[in-house]
Amino acid sequence: MSNNSFRSGNDDASGVTQSPGGVIMPRISRARYAIGDVVRHRIFDFRGVVFDIDPVFANSDDWYESIPEELRPAKDQPFYHLFAENAENSYIAYVSQQNLVTDDSGEPVDHPAVPQLFGPFSDGRYRLRTMH
């Protein structure tokens with residue numbers, strides 16, 4: 001696991017930051033997972049490998065509002081881009097930190113984009129490929 005911190009934009013006296021794009025975010029968001037970590041959704045039956053992290057919600061309002069209200073996560077937390085898989089197929093998922101847990105299956109993720117970005121699966125995670 002990782003303890004990544006993100007900072008951007010202009011701090012104000014209230015302890016929040018406004019990013020150049022106008023997103024209000026906490027002064028520091030702590031990412032529980034790192035790029036290459038394998039995670040599992042805590043409610044739905046899918047898992048994936050983290051390939052990007054947003055320090056706070058950075059998707060469309062339409063996407064957010066399509067989530068049933070009783071399941072809608074807070075926006076002021078890290079959101080993860082995953083190369084995801086379930087029993088039927090592979091896809092890209094966007095998931096809040098509160099809805100992820102570490103995947104302890106020890107199995108690699110079967111997604112066609114994984115080998116393009118990552119090296120072999122080792123010790124429960126992936127390492128980014130070295131680009132030349």
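Which residue in E7 is the bridge partner of Arg-40? The partner is Arg-47. This pair belongs to a predicted model, in which local features need pLDDT of at least 70, side-chain atom pairs count only at pLDDT 80 or more, and totals for chains, interfaces and linings use all residues. Residues are numbered from 1 along each chain as its sequence is written, and side-chain values use heavy atoms, with hydrogens and water left out.

The chain holds 2 helices and 10 strands. Both kinds of element are DSSP runs numbered from the N terminus: helices are H or I runs of at least four residues, and strands are E runs of at least two. Along the sequence, the pattern reads β-β-β-β-β-β-β-α-β-β-β-α. Of the 132 residues, 39% count as buried. Buried means under 20% relative accessible area, exposed over 50%, and partly exposed in between, with a 1.4 Å probe and protein chains only. The accessible surface of the chain, from the Shrake-Rupley method with a 1.4 Å probe, comes to about 7,800 Å². Carbon and sulfur atoms account for 49% of that surface.

Five strands form an open sheet. Its order is E9-E8-E7-E6-E10, and the pairing is antiparallel. Two strands pair if DSSP finds at least two bridges between them. E9 and strand E10 (100–102) are the edge strands, each pairing on one side only. From one strand to the next, the twist averages 45°. The angles behind such values run from 0 to 180 degrees between N-to-C directions, with axes fitted as lines to C-alpha atoms.

Strand E7 (47–54) pairs with E6 over 3 bridges, in the antiparallel sense. These two strands form a hairpin with 5 residues between them. E7 also pairs with E8, again antiparallel, over 7 bridges. In E8, Val-49 has Phe-83 as its bridge partner, and Asp-52 has His-81. Because 6 of its 8 residues are buried, E7 is largely enclosed by the rest of the structure.

The largest nonpolar core has 12 residues, among them Tyr-33, Phe-46, Ile-53, Leu-82 and Val-95. A nonpolar core is a set of buried Ala, Val, Leu, Ile, Met, Phe, Trp, Tyr and Cys residues joined through side-chain atoms within 4.5 Å. Strands E7, E8 (79–85) and E9 (90–96) each give two or more residues to this core. E8 supplies the largest share, 3 residues. Another core, of 8 residues, lies apart from it and includes Val-109, Ala-113, Val-114 and Phe-118. In soluble globular proteins, nonpolar side chains tend to be buried together.

Ala-84 is part of the largest core and lies in strand E8. It counts as buried because its relative accessibility is 0%. Leaving aside neighbours within four places in sequence, Ala-84 is in contact (heavy atoms within 4.5 Å) with residues including Phe-46, Tyr-91, Ala-93 and His-111. His-111 is 27 residues away along the chain, yet the C-alpha atoms of Ala-84 and His-111 are separated by 6.7 Å. Across the chain, 53% of contacts between residues at least 6 apart in sequence join residues at least 24 apart.

Asp-37 sits in the loop between strand E5 (29–31) and strand E6 (38–41). At 10% relative accessibility, Asp-37 counts as buried. Its side chain joins that of Arg-125 through a polar contact of 3.0 Å. A polar contact is a pair of N or O atoms within 3.5 Å; within protein, one must be able to donate a hydrogen and the other to accept it, and residues adjacent in sequence count only if both atoms are side-chain atoms.
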